[in-house]
Amino acid sequence: MNKQQFLSELEKYLNDLSAEERNDILRDMEEYFREAKSRGRSEEDVLEKLGSPKIFSETIIAEAKVKRIRTASTWPQKISAGFGALLAILLLTPFNLIFVLLPLLLVTLMIIVGWPIVLAIALSLPVVLLVLFFLIFEVGFKLFALLSLLFFAIGWFGMVTAVVVGFFYVTLFYFKGVAKLFQWNIQFIKNRMKGE
Amino acid sequence: MNPQFNKGILEMCVLALLAKRDFYGFELVETISNYTDISEGTIYPLLRRLTQEKYVETYLQESTSGPPRKYYRMTRHGKKFTQELIQDWKNFSANVNKLIHLEV
């Protein structure tokens, strides 16, 4: 492999990055080769020390994708960035497929299915309150009946709040967990880079 | 050396050098390679990450020989972080040395 092959292969592997980021990296590598040459280092020597462009690009790609999760401003963007990063990292580290992908898939599914259910429960609140309001006229203004309706309303409100807040935290922990997972994986990739 | 052991130390080495003065990429790699046998391909991704985490920032400067070079400069945030890392390292290595020479 020569310098030109290294750069064009690197460019290929960095395809997922923005053009700006990719050109920045290629520019840096050009500079690196140029400086090495001016110090009298041979191209072969530099290439050998740099390692393969594939492995070289792995860490950069994975980190760029994780960064996208952090910088995404809306939740849908965060979620799609999350899946992108997940895919990039899973493909790089095969053992993840067995030990991580299945549990993660289950939890992800739970969250995807869970939110519509939670929203349905939340939407039930005004309906239930409305029904209770009309029940007041139905049962007449008796103290015990009114109190039981009131407590039922409070109870329902409490349940809905608990479910919504609870599931919100579940989702939050899920995203924190996924971010942690990415960090571990990036460490794994880095170590692999050293090993090779 | 054990790769697990290396990666944190490499990060500290890069930061410790940048705390002294600004370096351009090749210069930094060359300096570190003079003292360790770290694979050169690992330093550049590390520099990108340190830049992303705002420990260092970059600027282009004209060089006498050809196109401009990209220099890495430490931020205030990076200085603070580096001081903490170096302090941790000093404590850690002092204790390891004590342990190595421990007579039991």
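This is a predicted model: local features need pLDDT of at least 70, side-chain atom pairs count only at pLDDT 80 or more; totals for chains, interfaces and linings use all residues.
Chain B contains four helices and three strands. Read from the N terminus, the elements of chain B follow the order α-β-α-α-β-β-α. Along the principal axes, the C-alpha atoms of chain B occupy a box of roughly 60 × 30 × 20 Å.

The contact between the two chains draws 25 residues from chain A and 25 residues from chain B. The size of an interface is often expressed as the accessible area that is lost when the parts come together. For chain A and chain B this buried area is about 2,500 Å². Carbon and sulfur atoms contribute 52% of the buried area.

Twelve residue pairs are in polar contact across the interface of chain A and chain B, with both residues of a pair at pLDDT 80 or more. On the side of chain A that touches chain B, the elements giving two or more residues are helix H2 (19-38), helix H3 (43-50), helix H4 (53-71) and helix H7 (143-195) of chain A. Of these, H2(A) provides the largest share, with eleven residues. Sorted by class, the side of chain A that touches chain B holds 14 charged, eight nonpolar and three polar residues.

Side chains of opposite charge can pair when their charged atoms come close. Over all chains, the count is 18 salt bridges, and seven salt bridges are counted between chain A and chain B. One of the pairs links B:Lys70 with A:Asp24, whose closest N and O atoms lie 3.0 Å apart. This pair crosses between chains: B:Lys70 belongs to strand E3 (residues 69-74) of chain B, and A:Asp24 belongs to helix H2 of chain A. Another salt bridge is formed by the side chains of A:Arg39 and B:Glu30, with an N to O distance of 2.6 Å.

Chain A also carries a nonpolar surface patch of about 760 Å². The residues that make this patch are A:Trp75, A:Ile79, A:Phe83, A:Leu105, A:Leu109, A:Ile112, A:Val113 and A:Ile117. Helix H5 (75-92) and helix H6 (95-139) of chain A each supply at least two residues of the nonpolar patch. The largest share, five residues, comes from H6(A). A:Trp75, one of the patch residues, is located in helix H5 of chain A.

Notes:
Residues are numbered from 1 along each chain as its sequence is written. Chains are lettered from A and ligands numbered from 1 in the order in which they are written. Side-chain values use heavy atoms; hydrogens and water are left out. Contact means heavy atoms within 4.5 Å. Buried area is the accessible area (1.4 Å probe) that two parts lose on being put together, summed over both. A salt bridge is a side-chain nitrogen of Lys or Arg within 4 Å of a carboxyl oxygen of Asp or Glu. A polar contact is a pair of N or O atoms within 3.5 Å; within protein, one must be able to donate a hydrogen and the other to accept it, and residues adjacent in sequence count only if both atoms are side-chain atoms. Ala, Val, Leu, Ile, Met, Phe, Trp, Tyr, Cys and Pro count as nonpolar, Asp, Glu, Lys and Arg as charged, and the others, Gly among them, as polar. Patches are made of residues with over 30% relative accessible area and no salt bridge: like charges are joined within 9 Å, nonpolar side chains (Val, Leu, Ile, Met, Phe, Trp, Tyr) within 5 Å. Accessible areas come from the Shrake-Rupley method with a 1.4 Å probe; for residues, only the protein chains shown count as cover.
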